[in-house]
Structure formats: C-alpha cells, structure tokens
Amino acid sequence: MRVLGLETSCDETAAAVVSDGRRVRANVVASQIALHQRHGGVVPELAARGHVTALIPVVRAALVEADLTMADIDVVAVTSGPGLAGALLVGVNAAKALAYGLDKPLVTINHLEAHIYANWLTATGTPEPVSAPAFPLVCLLVSGGHTELILMTGHGHYTHLGRTLDDAAGEAFDKAARLLALSYPGGPAIERAAAGGNPDAVALPRAWLGDNHDFSFSGLKTALLREIDPYRLPAEPTLDDSALFPEHRPPIFRAGLPVADLAASFQAAVIDVLAVKTARAALALGARNVLLAGGVAANAALRARVSAELGAQAPPGSTPPPLRVPPLEYCTDNAAMVAGAAYYVLRQGGQAGWEADIHPRLALVATGAGTDR
Ligand code: KG4
Ligand code: ZN
C-alpha cells in the first residue's frame with residue numbers, strides 16, 4: 001500500500017510516499033525557518049501562507065523522488081491536528097482535493113501519533129527493514145508543543161503515563177535559546193552551543209516531582225534567566241531592531257556571558273529528568289522497547305543519556321530494553337511519519353469521511369476513538 005502523506009501543522013511543508021507503513025520512498029520537507037527566524041518563533045499567518053505556496057511543489061517533488069505518478073498512490077494521508085489552525089487547513093483541504101480527485105481513501109492523522117510511528121520507518125537507501133518495535137513499549141514524545149510519556153500496548157493503543165505540567169521540552173529549549181540570544185529553532189542551537197561547554201559548570205534545578213511520570217520545565221527556565229540577568233546590558237530605548245535578524249541586532253549582553261556552559265548545563269538539566277523518568281517507567285512496566293519521538297529526539301545527548309540510564313537502572317544481570325530512535329530526518333516534522341502512521345490507522349478501519357475537520361488542540365487518543373476515524 002503506497003501512501004502519500006502531507007504535513008502542514010506548523011512551520012514545515014512536507015510530503016512523502018511510504019510503502020506499507022515502513023519503507024520511505026520519498027520524503028520532502030520545505031522548511032519555513034527563514035520565514036520565521038527574524039521573529040524568533042513561528043508566526044501563524046505566515047506559516048499558513050507559506051504552506052499555500054509550497055505544498056503543490058513539495059508534493060510534485062515527492063512523486064519525482066519516489067519515481068511515481070499520482071496514479072500509483074493508493075491512499076492520501078494528512079495531519080489534522082494538533083497544530084496551528086490556519087496551517088492545518090491548508091494541508092487537510094489539499095489532501096481532500098487529492099483524495100477526491102484520485103478517488104482514493106483519505107486518512108486524517110494525529111500529529112503526535114505520527115511522531116511515534118516515525119520509529120517504524122526505514123530510511124530510503126537502507127537495504128532491509130529492521131524489525132518493528134516490540135510491544136509493550138514506552139515512548140517519550142518530546143516536541144515543541146508536547147512532552148508525554150506513553151505506554152503503547154499495540155497499534156493504536158496508548159496509555160498516558162505522564163506529561164509536562166507547564167512548558168514542553170522543545171519549548172524549554174526554544175525559550176532558553178531566546179534568553180541566550182541564540183538562533184531559532186532553539187533546540188539545535190542549544191545543542192551546538194552545549195558541545196563546547198561543561199554540563200556541570202552551572203547548578204540548575206531538576207523538577208523531579210516525586211515518583212510520578214510528570215515533568216516541569218518552567219522553574220529551570222527561570223533559574224537560567226537568573227544566571228543570565230547580571231550580564232544583560234540596559235536596553236537601548238530608541239532603537240527598534242525587531243525587524244533585524246537576531247545576529248544583526250546590537251549586543252544585549254556585556255562580555256563574559258558563559259554561553260556554552262549555560263547551554264550545556266541547561267541541556268543536561270532537561271535531559272536528566274527525561275532520561276531518569278523514561279527509564280524508570282520502562283523498567284517498572286516491563287517494556288520490550290523504549291522509543292524516543294518528536295523534534296527533541298534529534299538531540300544526541302538525550303539519546304545517549306536515555307540509553308545509559310536504562311543500563312544503569314536495570315537490575316544487575318538483566319538486559320535493559322533496547323532504545324529505538326527514528327533516523328534524524330524523521331524526528332523533526334516530516335510527512336513520512338504521517339504516511340507511515342496512516343497504514344496502521346487504515347488497517348484498523350480508520351478511513352476519514354469527506355466531512356473531516358481540523359483539530360488544533362487534538363490530544364493523543366486511541367485510534368478509533370477519534371471522530372474522524
Ligand atoms: O516535532 P517538532 O519538529 O515540531 C513539533 O511538533 O513541535 O519539534 C520541534 C521542537 C523545537 O522545539 C526544537 O527546538 C526541538 O524540537 N528540537 C531540538 C533539537 N532539534 C529540534 N531540541 C533539542 N535538540 C535538538 N537537536
Ligand atoms: Zn511535530
């Protein structure tokens with residue numbers, strides 16, 4: 001089954017073709033980073049307009065990359081939520097038009113479920129699909145809008161173990177980058193800066209919140225702000241530099257701000273809590289695999305730390321459940337994960353009707369429980 005997937009929930013316009021939920025035939029992502037960078041974050045209307053202009057060229061590029069025509073596509077899948085309303089509308093309407101015109105099934109996909117199913121994908125050019133993740137599994141889903149620890153007992157069967165009580169992990173990275181005047185998006189910028197720093201240089205708090213599986217990152221952000229504040233120069237009251245890219249704006253810190261050490265210490269504080277709680281949940285629940293998903297799963301330090309923590313927490317003599325991570329290009333937003341998830345959703349009877357709507361605040365629900373499924 002060849003699925004054409006579309007993804008327009010935030011600031012990436014993406015199209016992909018995936019066979020049978022696993023083999024990626026094409027994966028094209030047009031990033032809007034340049035469009036939003038000067039604003040330090042995503043501007044919803046600009047994002048929606050960007051999708052309007054980019055989507056058809058991106059779909060054509062995906063078909064060319066897959067060496068297929070529209071007639072070879074069996075199913076059209078699209079993210080219907082959560083995400084920015086205007087951005088989602090562009091993708092959902094385009095997918096409806098394509099599916100209607102081709103007389104093929106339409107599948108609407110939960111963006112969070114798609115991130116999880118990125119772990120089933122096998123990248124283009126790799127010889128044989130590796131074995132699929134084994135159930136039960138524990139997945140740490142860490143993106144710009146979500147931080148959730150999920151128990152998955154079968155396809156489409158999710159139990160929430162914990163979630164963030166305030167900022168998402170990716171949001172925390174983005175805010176920390178903004179405080180340090182690093183570029184947008186913040187996660188990769190913090191990771192790059194942290195590479196030259198000492199994670200033990202600055203003592204930053206970890207919100208353990210007792211034995212539960214919830215997270216909190218807002219206190220950490222405030223602690224980082226307190227470290228940075230003594231270096232802040234008084235603002236220039238007459239200068240409106242908001243139209244300039246951050247790197248062209250006048251300096252806002254006096255010399256000596258230990259950017260690398262602060263970035264490394266911040267990253268370590270976020271990762272510590274994510275890794276310890278994920279490993280604890282996985283071992284307590286007898287998970288056979290541990291998965292990472294979402295944009296923050298691209299972080300190399302997080303991958304290494306979760307793996308190490310599983311080994312450290314496993315009882316002596318026992319083998320910890322293996323960590324699975326999606327290939328890097330399927331961690332941040334892409335359409336291959338949408339096309340991949342659609343195969344499993346459709347197998348469970350999840351075809352959408354033509355009345356399918358967008359769901360900007362959609363939560364992760366068991367497949368079949370959603371209204372458009
Ligand atoms: O999954 P995603 O692409 O979009 C959402 O669904 O939100 O995740 C984007 C988030 C951003 O907050 C970004 O800063 C973060 O993922 N991110 C990272 C890294 N790459 C992206 N965070 C930490 N380290 C990275 N290497
Ligand atoms: Zn995402």
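Asp-20 lies in the loop between strand 2 (12–19) and strand 3 (23–31); strands (E, at least two residues) and helices (H or I, at least four) are DSSP runs, numbered from the N terminus. Asp-20 has a positive phi of about 50° although it is not a glycine. This is a predicted model, in which local features need pLDDT of at least 70, side-chain atom pairs count only at pLDDT 80 or more, and totals for chains, interfaces and linings use all residues. Residues are numbered from 1 along each chain as its sequence is written, chains are lettered from A and ligands numbered from 1 in the order in which they are written, and side-chain values use heavy atoms, with hydrogens and water left out.

**Backbone**

- Most residues other than glycine have a negative phi, and most peptide bonds are trans.
- The bond from Gly-81 to Pro-82 is cis, with omega near -5°.
- Pro-82 sits in the loop between strand 4 (75–81) and helix 3.
- The bond from Phe-135 to Pro-136 is also cis, with omega near -5°.
- Pro-136 sits in the loop between helix 4 and strand 6 (137–142).

**Two domains**

- The chain divides into domain 1 (2–123 + 328–347) and domain 2 (137–324), with bounds from an automatic or database domain assignment.
- Over C-alpha atoms, the centres of domain 1 and domain 2 are 26 Å apart.

**Where the domains meet**

- In contact (heavy atoms within 4.5 Å) are 23 residues of domain 1 and 29 residues of domain 2.
- Domain 1 and domain 2 bury about 2,100 Å² between them, 62% of it on carbon and sulfur atoms; buried area is the accessible area (1.4 Å probe) that two parts lose on being put together, summed over both.
- Arg-38, Ile-116 and Asn-119 supply 30% of the area that domain 1 buries against domain 2, more than any other three residues.
- Between the domains there are 0 salt bridges, counted as a side-chain nitrogen of Lys or Arg within 4 Å of a carboxyl oxygen of Asp or Glu.
- There are 6 residue pairs in polar contact between the domains, both residues at pLDDT 80 or more. A polar contact is a pair of N or O atoms within 3.5 Å; within protein, one must be able to donate a hydrogen and the other to accept it, and residues adjacent in sequence count only if both atoms are side-chain atoms.
- Helix 1 (33–37), helix 4 (111–117) and helix 10 (336–347) each supply at least two residues of the side of domain 1 that touches domain 2.
- Helix 4 gives the largest share of that side, 5 residues.

**Aromatic pairs**

- The whole structure holds 8 aromatic pairs, meaning rings of Phe, Tyr and Trp (its six-membered ring) with centres within 6.5 Å; planes under 30 degrees apart count as stacked, over 60 as edge-to-face and the rest as tilted.
- The rings of Tyr-100 and Trp-354 have centres 5.3 Å apart and planes at 80°, so this pair is edge-to-face.
- Tyr-100 in helix 3 (residues 85–102) and Trp-354 in the segment after helix 10 are 254 residues apart, so the pair links distant parts of the chain.
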